[in-house]
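Load the model in your viewer and keep the selection panel at hand. The stops below go from the whole chain to single side chains.

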Amino acid sequence: MKLVVAVIRPFTLEAVKTALDLAGVTGMTITTTEGYGRQRGHTEVFPGAEYTIDMVPKVRIEIAVDDPDVETILNTVVDTARTGRIGDGKIWVIPLQTVQRVRPVADP
């Protein structure tokens, strides 16, 4: 089992969630976050002043995936979140050694 972590642009989230649902994903964790990569933020000009925005808003998606499904999930996220511009995001895959459900198992 693997943990697929994707950091994407916030406006692509709904399309990515829909595509992952169609790909058979039954659960995910989504976190609103900020960061920067190669683009190192950007500057914006407001009346009378220029502001540097160092941290860019992003969304982090975490999905526990069975090994045979990893490639499908990666391709789904990349194809759906890609805009072709710098800052589209990153995806990484981490091995999961143990997964434990918190909810107790029902008594027979």
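**Whole chain**

Start by colouring by accessibility: 27% of the 108 residues of the protein count as buried. Buried means under 20% relative accessible area, exposed over 50%, and partly exposed in between, with a 1.4 Å probe and protein chains only. This is a predicted model, in which local features need pLDDT of at least 70 and side-chain atom pairs count only at pLDDT 80 or more, while totals for chains, interfaces and linings use all residues. Residues are numbered from 1 along each chain as its sequence is written, and side-chain values use heavy atoms, leaving out hydrogens and water.

Switch to cartoon. The protein has two helices and six strands, in the order β-α-β-β-β-β-α-β. These are DSSP runs numbered from the N terminus: helices are H or I with at least four residues, strands are E with at least two.

Zoom out. The C-alpha trace spans about 70 × 30 × 25 Å along its principal axes. Now show contacts, meaning heavy atoms within 4.5 Å. Of those between residues at least 6 apart in sequence, 74% join residues at least 24 apart.

**Charges**

Select Lys and Arg as positive, Asp and Glu as negative; His and the chain ends are not counted. The protein has 12 positive and 14 negative side chains. Place each charge at NZ of Lys, CZ of Arg, CG of Asp or CD of Glu. The centres of the two sets then lie 4 Å apart.

How many salt bridges are there? The count comes to four, taking a salt bridge as a side-chain nitrogen of Lys or Arg within 4 Å of a carboxyl oxygen of Asp or Glu.

**Stop one: Asp67 and Lys2**

Select Asp67 and Lys2. Their side chains form a salt bridge at 3.6 Å, N to O. Asp67 sits in the loop between β5 (56–65) and α2 (70–81), and Lys2 in strand β1 (residues 2–8), 65 residues apart. Asp67 is partly exposed at 42% relative accessibility. Lys2 is partly exposed too, at 26%.

**Stop two: Arg9 and Asp88**

Next, select Arg9 and Asp88. Their closest N and O atoms are 2.9 Å apart in a salt bridge. Arg9 lies in the loop between β1 and α1 (13–22) and Asp88 in the loop between α2 and β6 (89–95), so the pair ties together parts 79 residues apart in sequence. Are these two buried or exposed? Both Arg9 and Asp88 are buried.

**Stop three: Lys17 and Glu14**

Finish in helix α1. Lys17 and Glu14 both lie there, three residues apart, about one turn of the helix. Their salt bridge has its closest N and O atoms 3.2 Å apart. Lys17 is partly exposed, at 28% relative accessibility.
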